[in-house]
Amino acid sequence: MFLFLPTVVAGAVLQARQVSVPEYFQTSPEIFAGPTPTGFVPFLVATNPVAFPGQTYLPANPIQTQEYISGYPTPTGSVTGPGSAASATADANIFHLMGQLSPYFVAPGFGVDELPLPSGTNVTWLNMLSRHGSRYPAGGGSTQQLANSINNATGSNITFTGPLSFLNTYKYPLGAEILTPNGKQELFDSGTTHYYQYGRLAPNNGTKIIARSTHQDRMTQSAEYFLAGFFGLGWTNNATLELSLDQTPFNNSLAGYNACPASNDNRTNVGVAGSYNQWISLYLRNATQRLNRYSNGFNWTTSQAYAAQQLCPYETVALGYSSWCDLFTYEEWQGYEYSVDLDFSAVFGFESPVGRAIGVGYVAEVLARINNHLITSPVGDLNITLDSMPSTFPTNQPIYFDFSHDVNIFSVLTAFGLTQFKGVLNPTSIQKNRTAIVSNMTPFGARLDIEIINAPYPVSASRTLAQLRSNSTAVYDYGGNATQYIHFLLNQRTVPLGRSYALCGNRTDGWCELGAFLNATANLTQQANFDYACFGNYTPPAYGQITNGAIFANGSAASRSAVSSASSSAYSATISASTRN
């Protein structure tokens, strides 16, 4: 297959150039990269107004800031006051409260201890699904709209005072959608970490693995930085990167919402909009009043205050520092995190009619890889053309690397039926015992690692760290046979499968026997009810009416529309069709 692309220099087409690889294996030049404007060049040595020495509330290098945050918890559980020198506790980090805009950090845990492998037990297979790294916001979005409003205001006798004085000369410093410097480091570091963890799984016989991402610039580069971290700068000798189209309405399991009209026509947002806006107006009421106090002639709205909060993480991952961060109290950052949890659970989680549908295609791919077979019939949003060919969907690799988006990973967890992450949230106060916390689940650079573990004998379901330290072989049932297990890790912490699948039992290590897992997940496709959830004609349900991530109509599924059949056509056809948009 040949693709003829023009060579472009300074906007002029010079000549046609022949590329002898399929477009889904072409990484340069990028075909459908999407927006790629960059932002200001960082110069933190001069722009950071706070000192580096001492404790910082964002310890990840190269970002170091040390601003005073009102209401910051201290080691004793009290809060800081003006001039307090008390250092914050390790988990009191506002950058761990920013939902999907949080820079990557290891999750605090999902309810079980992390136990090492018993002697003689080995990980033999890995499937990783990673989010891209920290990025710039969408072009023309709420953050840029706020900056435009401020810039228009400062030219008409409107001034800002006190902590908002920096706005008198503020220029919007951000690009759009591509990786920031921190995002590049997050994925390179992730690749290096995965090499330490799983390096021996990679083939060392001259063969290449297939890794998958999408054509968007930040997605392609995230995969490339990861692979460079795992294999080194010569990663193309070890892996071939397959890129799929990341646009509506084309099928792509790494961006499942594109092939699900109900997730793009605001049907899933209508139900939660009232609750979501209700919470934002409550937790940002004092902040909005405070911002107006320092604004002469500029009237802040709650939605603008919300955009101002988002500028803190976006500017920090782009420039290393942001003046927006200390405009909000620690309690208001907790409120921000809760707003994201409310939104994600209602639009992409168990409280969404399409929560399972968006992620079910990827779930089918994981199960196909485990069972070592190609996919020859459409399932959800996957690309049946690519998934039916061993050249683009190999099922004999010991290690798989896929790259996706935050909401897609959230829906994959929903489609897997991990019900420990379900629960309708109260829109008037923070529900502190909630389990679906986006900051812990899908920060920038998030990764879901699924391991298959081979044990020579059954491993005790009640083993403890003390047992392993004293005699690691005591955890085996020597009367049994060799046993395979499956293990889910989300951001380097175990997701206990027994909390969601009764067949797995209540294990202290969170594992599940592979056979039990496959039985427990056998009907996940039917539970998603993809056709009706995505293409059915139904009234948007109110928030709280959906609790299992799917919607049904009298037990029957609607027929898939012509849009769906077009989106599952041959990949080359979808590429050419998209150029007409």
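Residues are numbered from 1 along each chain as its sequence is written, and side-chain values use heavy atoms, with hydrogens and water left out. Because the model is predicted, local features need pLDDT of at least 70 and side-chain atom pairs count only at pLDDT 80 or more, while totals for chains, interfaces and linings use all residues.

Q: How many helices and strands are there in the protein chain?
A: Helices (H or I, at least four residues) and strands (E, at least two) are DSSP runs, numbered from the N terminus. By that count, the protein chain has 18 helices and twelve strands.

Q: What percentage of the 581 residues in the protein chain are buried?
A: Buried means under 20% relative accessible area, exposed over 50%, and partly exposed in between (1.4 Å probe, protein chains only). Of the 581 residues in the protein chain, the buried share is 55%.

Q: Which residue has a side chain joined to that of Glu365 by a polar contact of 2.8 Å?
A: A polar contact is a pair of N or O atoms within 3.5 Å; within protein, one must be able to donate a hydrogen and the other to accept it, and residues adjacent in sequence count only if both atoms are side-chain atoms. Contact in general means heavy atoms within 4.5 Å. Not counting residues up to four places away in sequence, Glu365 touches Arg212, Ser253, Ile375, Leu382, Asp387 and Phe393. The polar contact of 2.8 Å joins the side chain of Glu365 to that of Arg212.

Q: What separates the C-alpha atoms of Lys184 and Gly133?
A: Lys184 sits in helix H3 (residues 181–198) and counts as partly exposed, because its relative accessibility is 30%. Along the chain, Lys184 and Gly133 are 51 residues apart. Their C-alpha atoms are separated by 6.2 Å.

Q: Why do H7 and H8 count as roughly perpendicular?
A: Axes are lines fitted to C-alpha atoms, for helices over the stretch in contact, and angles run from 0 to 180 degrees between N-to-C directions. Angles under 35 degrees count as roughly parallel, over 145 as roughly antiparallel, 65 to 115 as roughly perpendicular and the rest as oblique. Helix H7 (residues 302–319) packs against helix H8 (residues 330–347) with axes 11 Å apart. H7 is therefore roughly perpendicular to H8, as the angle is about 95°.

Q: Which residues of H8 make the contact with H7?
A: On the H7 side, the contact is made by Tyr306, Gln309, Gln310, Cys312 and Pro313. From H8 come Glu332, Trp333, Tyr336, Ser339 and Val340.

Q: What is the phi of Asn372?
A: Asn372 lies in the loop between H9 and helix H10 (384–387), and it counts as partly exposed because its relative accessibility is 48%. Although Asn372 is not a glycine, its phi is positive, at about 60°.

Q: Is Asn529 buried or exposed?
A: Asn529 lies in the loop between helix H15 (524–528) and helix H16 (530–535), and has a positive phi near 50°. With a relative accessible area of 8%, Asn529 is buried.
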